[in-house]
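I would like the cut-offs behind each term stated along the way.

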Amino acid sequence: SYELDNIDNLFLVGSLTGWDPATSIPMGEARVGTFSTIIDLPDGAEFKFLPTNTGWDGDWGADPNNQGMIIQDGENNVAGYGAGKYVISVDFNYLAYHVSGISGIPTDLYLVGGFNGWSNDSNNPKFTKVSNGVFEITQTLSAGDEFKFVPVAGSWDNDFGENKASRGVLEQNDEQNLKVNSAGTYKITVDFNSGIILVN
């Protein structure tokens, strides 16, 4: 059993940061208790998670007895990934972590979904790139509309959606559609630095 304090921040520390908490990588908060980042991992990289970047107190690692779960005592380093770009997320609501490869950060991003009958063509609404790796769009959606993202209008190659286990976290390989419950005009932000999707 665990007694958890509120975790307001999370950092990734490991072989790629020299195992130094001071140089650990800050993770973004997708929703309460869920953190993520997108990073390039070298082959054979190992890492853990820290609630602060000032020391090792309260570190989390992989549960050796439960794949995809995190624990604090008797933990292993998270390891076993080849070189590439990955979305790494930790969900304290389930004490789980997820590491998923992505093809890369797209140059452009387009919205496709129920609002246009899933007609993936050159008329797809295009996101505005507001900063490096961050895309935004404002779109009117009906109640129950589902949607996802494609880097090339008219092609389903390398499409992106949401992680099935952790809401608000970007996923490319085993993704689900995002969905709004109420009709309205929404601002959708996709951040390829943190791996976070915001729908407001």
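The largest nonpolar core has 23 residues, and those touching the most other members are Phe127, Phe147, Phe149, Leu170, Ile188, Val190 and Phe192; such a core is a set of buried Ala, Val, Leu, Ile, Met, Phe, Trp, Tyr and Cys residues joined through side-chain atoms within 4.5 Å. Two or more residues come from each of β12 (134-141), β13, β17 and β18, where strands are DSSP runs (E, at least two residues) numbered from the N terminus. This is a predicted model, in which local features need pLDDT of at least 70 and side-chain atom pairs count only at pLDDT 80 or more, while totals for chains, interfaces and linings use all residues. Residues are numbered from 1 along each chain as its sequence is written, and side-chain values use heavy atoms, with hydrogens and water left out.

Apart from this core lies another, of 21 residues, which includes Leu41, Val78, Tyr86 and Leu95. Tyr86 counts as buried because its relative accessibility is 12%, the limit being under 20% relative accessible area (1.4 Å probe, protein chains only).

Aromatic pairs, ten of which are found in the whole structure, are rings of Phe, Tyr and Trp (its six-membered ring) whose centres lie within 6.5 Å, and planes over 60 degrees apart count as edge-to-face. Tyr81 and Tyr86 pair edge-to-face, at 5.7 Å centre to centre and 65° between the planes. Phe160 and Phe192 are also edge-to-face, at 5.1 Å and 80°. Because Phe160 lies in the loop between β13 (146-150) and β14 (161-162) and Phe192 in the loop between β17 (184-191) and β18 (196-199), their pair ties together parts 32 residues apart in sequence. Phe160 is buried, at 1% relative accessibility.

Methods
Rings of Phe, Tyr and Trp (its six-membered ring) pair if their centres lie within 6.5 Å; planes under 30 degrees apart count as stacked, over 60 as edge-to-face and the rest as tilted. Buried means under 20% relative accessible area, exposed over 50%, partly exposed in between (1.4 Å probe, protein chains only). Helices (H or I, at least four residues) and strands (E, at least two) are DSSP runs, numbered from the N terminus.
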